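Please keep the sequence and the coordinates at hand while reading.

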Amino acid sequence: MALLQDFILAAVAAIGFGMLFNIPWRFVVFCGLIGGLGHGLRFWLHVNNGFSLELATLVGATLIGFSSYFLGRRFRVPQLIFAIAAVIPMIPGTYAYQTMIGAAELVSEGGGTPEMLVNTSVTALKTAFIIAALAIGVAVPQLVLNRKSPIV
Amino acid sequence: MTPNVHLANVVELSLWVGQLLMQFSAESEVVESSVHRLGTALGADWMDVTLTSNGIIVSASAHGEFRTRSRRVIDKGVDMAKILTIDSLITEVHEKHLTISETKHRIIQISKQGSCYPEWVKPIMVGAACGAFCRMFGADVFTSLLTVLATTVAMFIRHYFLKRHYNLLLVVVITAFSASVILSVARKLPLDFDLALAQSAAVLCLVPGVPLINAVTDLIKGHVTIGLAKGVKATMITIAIAVGLMISFAFAGLGG
C-alpha cells in the first residue's frame, strides 16, 4: 500500500517536472511511469529491505536508465527525454539545501559545535553520493550497451 | 557552390544547432554527436566540436579546406521539446538528404517553436509535484494541499521575474522567500499544519535537478570542465534557495 502510494506520488512529481521541461504529452506519461517505478524500487529496497539510500538510489536509477534507453530506441528519440524527468523525484533536494543552511548555521551565534560540523558534512556527502548514483545509474546502459569509438 | 562557401554554410548550421542544444540544457555528449552528425550529413568530411562552459567552437573540413567558427551560448532553461525536434531534424537530414537552405529553414522554425503547454499550466503542475513530495515526506493531505498552493503562487512569481530578465540567482532567492513566507503567514492565520515539512517541500521546485544530473553525466563522460561549471552553477542556485529560506525564517521570527 505504502509502495503503491510512493509509486503514484513519484509519478505525479515526474510528470509535473516533465511538463515544466516542456516534454510533449505523449512522452511525459512514460516519464511518469518509469519515474514512479524507479522511485518505487528505491523505496522498496531502502525501507523494506534495509539498503542504504545511496545504493537503493543507484539501483532505482539504473532501472530508469535501462527503461529510458529502450523507450528511446522504441520511439527513436534521445534517451534523456525520458530519463531526466524520471529521476527528478529522486533528486536529494532537501539534503542539498539543508547542507547550505547547515553551513550558514555553523557561523551563527551559538553555532560552530563539532556535532553541527559533522551533521552538515554528512548531509553534503549524502547529497553528492545520491546525485552521483543517479547520474551513473542513468548512464549505465549507454556505457554498457552503446560503446563506440569516439566520433568527435 | 564553391567548396569553401559550402563549408561556411555547414559550419553555420551545425554551430547553430549546437548552440540551441546547449541553451536548452542537453548534455555535452548529445551536443557533440548531434553537431557531428549534422555536419557530416550536410557534406563535411569531418567535424571537430569544442565545448566550453558558455560557448561552442566548430570546425568543418572537406576536400582539404576547413572553416572554424565560435558562438556564445546563453542558458535558456530546459526545453526537451526543442531537443526532440532538433534530433528528428538531424535524422531527417541524414535520411532524406535535405539541402542547406531547407535545413536552415527548419532550424529557424525550431527556434521560433513555442511551448507544448500553456504558460499557466506549468506552475500548477509543478505545484502538484511539490505537493506529491510533501506527501512523500509523510505530511497529511491538508499540509500537502497548502504546499501545492504555495508552490503554484511561487512559480508564478518566478515566471514574472524571469520574464523581466532579473538575475537568475536573485529570482531563486525571491521565489524561495515567497513560497516560505506564504506558508509562515498561513501558519499564523492560524491554520493547523506541519510548517517545516511544507516549507521544505515547497522550495523543491527550485532545486536545479537537470544541471546537477548533467554535471555528473558530463564528468563521467570526460567533459570535466563543463561538468564542473554546471556543478558550480547548480550549487550557487542551491545556496540561493537556502538564502531565500533563511531570510524568510528571520522575518517569521519578527513579532513572535
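Predicted model: local features only at pLDDT ≥ 70, side-chain atom pairs only at ≥ 80, totals over all residues.

Read along the sequence, chain A follows the pattern α-α-α-α-α-α, and its secondary structure accordingly comes to 6 helices and 0 strands.

**Chain A as a whole**

- Along its principal axes, the C-alpha trace of chain A spans about 60 × 45 × 35 Å.
- Chain A has 152 residues, of which 54% count as buried.
- When the contacts in chain A with a separation of 6 or more are considered, 65% of them are accounted for by residues 24 or more positions apart.

**Where chain A touches chain B**

- Between the two chains, 36 residues of chain A are in contact with 45 residues of chain B.
- On the side of chain A that touches chain B, at least two residues each are supplied by H1, helix H4 (80-87), helix H5 (93-106) and helix H6 (114-145), and H1(A) gives the most, with 8 residues.
- Sorted by class, this side of chain A has 31 nonpolar, 4 polar and 1 charged residues.

**The largest nonpolar core**

- The largest nonpolar core has 128 residues, and those with the most contacts inside it are Cys31(A), Val87(A) and Ile241(B).
- Helix H1 (residues 2-20) of chain A provides the largest share of this core, namely 11 residues.
- Because domain 1 (3-112) and domain 2 (121-253) of chain B both give residues to this core, the core lies between them.
- Val87(A), one of the residues with the most contacts inside the core, is in contact with Ala61(A), Ile64(A), Leu134(A) and Val138(A), and also with Ile213(B), when its neighbours within four places in sequence are left aside.

**A hairpin in chain B**

- Strand E2 (residues 55-62) and strand E3 (residues 65-72) of chain B pair in the antiparallel sense over 8 bridges, and one of the residues involved is Ala60(B), whose bridge partner in E3(B) is Arg67(B).
- E2(B) and E3(B) form a hairpin with 2 residues between them, and in the turn His63(B) has a positive phi of about 50 degrees.
- As a general point, the side chains in a regular strand alternate between the two faces of the sheet.

Terms used: Residues numbered from 1 in each chain as written. Chains lettered and ligands numbered in written order. Core = buried A, V, L, I, M, F, W, Y, C linked by C-beta atoms within 7 Å. Buried ≥ 20, exposed ≤ 12 C-beta atoms within 10 Å, placed from the backbone. Helix = DSSP H or I, 4+ residues; strand = E, 2+ residues; numbered from the N terminus. Domains from an automatic or database assignment. Contact = placed C-beta atoms within 7 Å. Nonpolar A, V, L, I, M, F, W, Y, C, P; charged D, E, K, R; others polar. Pairing = 2+ DSSP bridges.
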